[in-house]
Amino acid sequence: MGHRALVAYRRPDRLYDLRYSHWGGEDLSLARGITAATPLAEGAVESALLADSVALERILTDHLDPCVHEALFLVAPDDEYLVDAYRVCWLEWGDGRDGGRGAIVAVDPADDRAVRTWFRATKTALGDIIEMGALSRRAAQAYLEARVCEDEDGTIYTYGAEIDDEDGYEPRRDRWLEEDRDRDGSDGVGHP
């Protein structure tokens, strides 16, 4: 099955070329393996492009499927191959509805296990509460999204189709780029 990761290399025109790593999402150590001398981490990142010339704001909505990918790496070759690692969190439960709702959490590879453990424990507890009938699925998801944002400074996004709004549920707005640009004038990930 693998631990799939999406690896996005920033180009000089500030667009991104996307590549795939089959095991890169396992523990985020791939962030240390990508360097100027080993831009594909000695084969851990596939050389074939998944997509080229992708705008930063389209990576999440068009390419980072939270049901498939476990990690996202943003690589800045023109900045000595600086790599920003993100853990991908799937914000749904396994019933197949609204599968495209996800979050990314910026993580130092050394802290990855703590973030994964926190997220799994929170999501599992909420799943149990849903099964017991104490919370609706929508209320639990809203709570999970709030915890990811507030506790881990995560960014919520919707991959692919919009969430069906039959219950009057309004998901939190995607905020990855807007807030970061407003804060520091950069491209959203700390790069000028």
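Predicted model: local features only at pLDDT ≥ 70, side-chain atom pairs only at ≥ 80, totals over all residues.
Figure 1. Counted by type, they come to five helices and seven strands. The protein chain has 192 residues, and 47% of them count as buried. Among the contacts in the protein chain with a separation of 6 or more, 61% are between residues 24 or more positions apart. The protein chain exposes about 9800 Å², and 49% of this area is supplied by carbon and sulfur atoms.

**Figure 2. The largest pocket and its lining.** Rolling a probe the size of a water molecule over the atoms shows where empty space is left. The largest pocket has a volume of about 410 Å³. It is lined by 18 residues, of which Pro 66, His 69, Glu 70, Val 88 and Arg 120 are the closest to its centre. Strand β5 (82-90) supplies at least two residues of the lining, and so does helix α3 (112-131). By residue type, the lining divides into eight nonpolar, three polar and seven charged residues.

**Figure 3. The loop between β4 and β5, with Glu 80 and Tyr 81.** Glu 80 lies in the loop between β4 (71-76) and β5. Tyr 81 also has its place in the loop between β4 and β5. Glu 80 is a residue other than glycine with a positive phi, near 55°. For Tyr 81, phi is likewise positive and near 55°, again in a residue other than glycine. Are the side-by-side entries Glu 80 and Tyr 81 buried or exposed? Glu 80 counts as exposed because its relative accessibility is 75%, and the cut-off for exposed is over 50%. Tyr 81 has a relative accessibility of 19% and therefore counts as buried, since buried means under 20%.

Figure 4. A disulfide is a covalent bond between the sulfur atoms of two cysteines. How many disulfides does a search of the whole structure find? The search finds zero. Two cysteines are shown here with their accessibility. Cys 67 has a relative accessible area of 43%, so it is partly exposed; this class falls between the cut-offs of 20% and 50%. Cys 149, at 8% relative accessibility, counts as buried.

How values were computed:
Residues numbered from 1 in each chain as written. Heavy atoms only, no water. Helix = DSSP H or I, 4+ residues; strand = E, 2+ residues; numbered from the N terminus. Buried < 20%, exposed > 50% of the residue type's maximum accessible area, 1.4 Å probe, protein only. Contact = heavy atoms within 4.5 Å. Areas by Shrake-Rupley, 256 points an atom, 1.4 Å probe, with all protein chains shown as cover. 1 Å grid on protein atoms, 1.4 Å probe; cavity = no way out; pocket = protein on both sides within 12 Å on 5 of 7 lines; lining within 4 Å. Points joined across faces, edges and corners; volume = space filled by probe spheres on them. Nonpolar A, V, L, I, M, F, W, Y, C, P; charged D, E, K, R; others polar. Disulfide = S-S within 2.5 Å.
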